[in-house]
Amino acid sequence: MERLGLFGGSFDPIHLGHLLVAQAAREELKLDRIFFILAAQSPFKPESKPTPAIERLKMLRLALVGILWAEVDEQEIQRGGVSYTIDTVRHYANRFSGAKLFYLIGTDHVAQLPKWREANEIAKLSEFLIIPRPGEAQSQIPAPFRGEFLKGFPLGVSSSQIRARVKADLPVNLLVPPPVAEVIRNNRLYL
Ligand code: ATP
């Protein structure tokens with residue numbers, strides 16, 4: 001049975017925290033593949049205007065070059081509007097019927113899970129892998145969701161911190177893969 005990781009996010013920009021937890025998830029859960037699913041607009045960040053998808057996609061693709069188990073999924077961008085996890089998980093359940101699905105989320109999202117659209121349906125179709133984030137207390141996974149907590153690699157990096165550092169003219173080249181730092185610089189993102 002194929003074991004697939006689904007990693008949704010704004011990835012604005014993708015950073016080493018994302019990549020390290022994806023690697024940990026693959027190793028700890030023996031996942032065959034992990035799909036990085038770029039959100040058009042997160043329902044939980046309605047006030048935020050993300051960087052245009054074309055630039056976030058470019059950074060995502062460059063960050064994943066050479067990582068054979070990682071794939072970019074553009075379906076939420078193609079659907080447009082607010083991105084709901086249920087639509088994406090249903091897509092995977094149909095496309096890979098018989099596969100086991102694991103949806104990755106940071107500890108910061110666990111308490112909100114019951115508020116996700118069609119929560120019961122999502123809980124039936126996918127397990128959850130909870131990513132540790134430094135400074136976030138581990139809370140129980142609320143019913144009816146099922147899942148487990150990853151061990152590695154908690155890294156206190158966030159996209160908002162990276163955007164703030166660029167704005168403050170501080171270096172970000174040690175927080176993102178080198179080609180991502182180059183896109184940020186060349187396209188004058190986050191200034
Ligand atoms: P922002 O700072 O803009 O809110 P973010 O860094 O949390 O962004 P997202 O693209 O929103 O990045 O994150 C996608 C998923 O990855 C979320 O489930 C988030 O909790 C998780 N995540 C992000 N950064 C880390 C990190 N350093 N360690 C573990 N999980 C992370």
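A residue is termed buried when its relative accessible area is under 20%, exposed when it is over 50%, and partly exposed in between (1.4 Å probe, protein chains only). The structure is a predicted model, in which local features need pLDDT of at least 70 and side-chain atom pairs count only at pLDDT 80 or more, whereas totals for chains, interfaces and linings use all residues. Residues are numbered from 1 along each chain as its sequence is written, and side-chain values use heavy atoms, with hydrogens and water left out.

A39 belongs to the loop between strand 2 (33-38) and helix 2 (53-64); helices (H or I, at least four residues) and strands (E, at least two) are DSSP runs numbered from the N terminus. The C-alpha atoms of A39 and I77 are 6.3 Å apart in space, although 38 residues separate the two in sequence.

The ligand is surrounded by 23 residues, of which the closest are F11, L155, V157, S159 and S160; a residue is counted here if one of its heavy atoms lies within 4 Å of the ligand. This shell comprises 8 nonpolar, 11 polar and 4 charged residues, where Ala, Val, Leu, Ile, Met, Phe, Trp, Tyr, Cys and Pro count as nonpolar, Asp, Glu, Lys and Arg as charged, and the others, Gly among them, as polar. Strand 1 (3-9), helix 1 (16-29), strand 4 (100-106) and helix 6 (159-167) each supply at least two of the shell residues.

Ligand oxygen atoms lie 2.7 Å from a polar backbone atom of S159, 2.9 Å from a backbone N or O atom of F11, and 3.2 Å from a side-chain N or O atom of R163. Of the 600 Å² of accessible area that the ligand has on its own, the protein covers 92% (Shrake-Rupley method, 1.4 Å probe).

Backbone geometry was also examined. A cis peptide bond with omega of about 5° joins D12 and P13, the latter in the loop between strand 1 and helix 1. The peptide bond from G152 to F153 is likewise cis, with omega near -25°, and F153 is found in the loop between strand 6 (147-149) and helix 6.

D169 lies in the loop between helix 6 and helix 7 (178-186) and is exposed, with a relative accessible area of 69%. Phi of Y190 is also near 65°, but Y190, in the segment after helix 7, counts as buried at 12% relative accessibility.

Terms used. A polar contact is a pair of N or O atoms within 3.5 Å; within protein, one must be able to donate a hydrogen and the other to accept it, and residues adjacent in sequence count only if both atoms are side-chain atoms.
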